[in-house]
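Q: How do I read burial, contacts, helix packing and salt bridges from a model? Please take me through them one by one.

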Amino acid sequence: MKPVLFALGSLFIIILLIPTLLVTPFMDESKGKLGKEVTVTKKEEVPTLAESPVAVPVYRSQSKQIENIPLEEYVIGVVASEMPAEFETEALKAQALAARTYITKQLMNEQTLSAPEGSVVTDTQMHQVFKNKEELQKIWGDDYTWKLEKITEAVAATQGQILTYDNKPIDASFFSTSNGYTENSEAYWKESIPYLRSVESKWDEESPKFYDQKVIPIAEFESKLGVDIDKSIGEIKELTPGKRVAKVEVGGKEFTGREIREKLELKSSDFTWEIKGDSVVIETKGFGHGVGMSQYGANFMAESGKSYKDIVSYYYKGTKVAEAEPFLTKYTAQK
C-alpha cells in the first residue's frame, strides 16, 4: 500500500511543477518577469481648458444684449461657427489661434470697429461669428457632443497662444477658399501689411467651394453697376498678385474687382463672365476676400501631416506664436 501512496504523491508533485518548469526558461532573472519586453502604449493626454483670464463683451445680434463671455469659451464659439468640426484637428487649432489673436487685438484697441457701446465685437461676420453652446446644440443636434469635444480640445491645446509680428498681435484674417493663391492685403484693403502676403495655396482646388457660377439678368446687372452694356460686357484691365481682378472696365466705367464682387454679391473677385441670351453668366474661383489663412487650405495642409504652427507660419509670413498673457494683462489694467 505504501509504494502506491508514494507513487501517487510523487505524481501529484510533478503535476504541480510542470507549469513552473515550462515558464522558467523564458523568465528574465534580473527583472522577475517574462524576458520579452511588453510595450505599454501611454494614452495621449487630452488637454483641458484652463480658466479664462478675461471676459469678452460681445454684442449678441439676436437678443440685442451685451454678454460677457470668458475668453476661451468665446474662442470655442468662434471656431465652432467659423470652421467645420469635421476638419482636421490641426486645422481647428490654427483657427483657434487666429480667433484668439483677433479678439486679443480687438480688446487692446482704444476704439471698437462697428460694435455698439459697451461691447468690443458683435457675433456677426463684421467681426467673428460666435454662437454659444445652446445655439450650437440646436444646429448640431445628435452630433453636438463629439463636435464640441473635438473643438474644445483644439482650443485647449492652443490656449493662451496668439500670433504676433514685431511683438504685437496681428490682424489674423481668414477666409474659406482661395483661387489657388492668397492675396496681398493692399490688393483688397488699403493698408499694406507685411505678414499678409500672397502665397500659393494650390490645395484649395479640391475644396467644394472652389468653383461657383452665377447667372444675372442683363437688366439687373446694369442696374447694380449703374451701366449700360451692349454686345460687349467689358474688359479686365489688371490682375492682383493673387490672380484676382484688380481693375475692370464695364460700359465705359472702371471698377475694382472688389467693387464688382460686392455689388454683384459674388463668391470671389477672381471672375470671368460672358453674355448668354438675356443674362450675364459669371464664373468665380475661390470663396472669400482671399487675405490671410485659407480655411480649406489649412485643412488640406493638416491632412498632409502639417501642424497648426506650420499652417499659421505659412499663411501669416514672419509671425510668431507668443503668449497672450502680457497683452491681456494690459487690457485688464486699462479697465
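A: Glutamine 95 counts as buried because its relative accessibility is 0%. Buried means under 20% relative accessible area, exposed over 50%, and partly exposed in between (1.4 Å probe, protein chains only). The model is predicted: local features need pLDDT of at least 70, side-chain atom pairs count only at pLDDT 80 or more, and totals for chains, interfaces and linings use all residues. Residues are numbered from 1 along each chain as its sequence is written, and side-chain values use heavy atoms, with hydrogens and water left out.

Q: Where does glutamine 95 lie?

A: Glutamine 95 lies in helix H3, residues 89-108. Helices (H or I, at least four residues) are DSSP runs, numbered from the N terminus.

Q: Which residues does glutamine 95 touch?

A: Contact means heavy atoms within 4.5 Å. Leaving out residues up to four places away in sequence, glutamine 95 touches Val79, Glu82, Met83, Phe174, Met293 and Gln295. With glutamine 295 there is a side-chain to side-chain polar contact at 2.9 Å. A polar contact is a pair of N or O atoms within 3.5 Å; within protein, one must be able to donate a hydrogen and the other to accept it, and residues adjacent in sequence count only if both atoms are side-chain atoms.

Q: At what angle do the axes of H3 and H11 cross?

A: Axes are lines fitted to C-alpha atoms, for helices over the stretch in contact, and angles run from 0 to 180 degrees between N-to-C directions. The axes of H3 and H11 (residues 325-334) cross at roughly 30 degrees and come within 9 Å. Thr104, Leu107 and Met108 of H3 meet Phe327, Leu328, Lys330 and Tyr331 of H11.

Q: Now salt bridges. How many does the count come to?

A: Side chains of opposite charge can pair when their charged atoms come close. The rule asks for a side-chain nitrogen of Lys or Arg within 4 Å of a carboxyl oxygen of Asp or Glu. The count comes to 14 salt bridges. One of them joins arginine 100 and glutamate 72 at 3.0 Å, N to O. Arginine 100 lies in H3 and glutamate 72 in H2 (residues 71-82), so the pair ties together parts 28 residues apart in sequence. Both residues are buried.

Q: Are lysine 224 and glutamate 220 buried or partly exposed?

A: Lysine 224 is partly exposed at 30% relative accessibility, and glutamate 220 is partly exposed at 33%. Both lie in helix H7 (residues 218-225), four residues apart, about one turn of the helix.

Terms used:
Helices (H or I, at least four residues) and strands (E, at least two) are DSSP runs, numbered from the N terminus.
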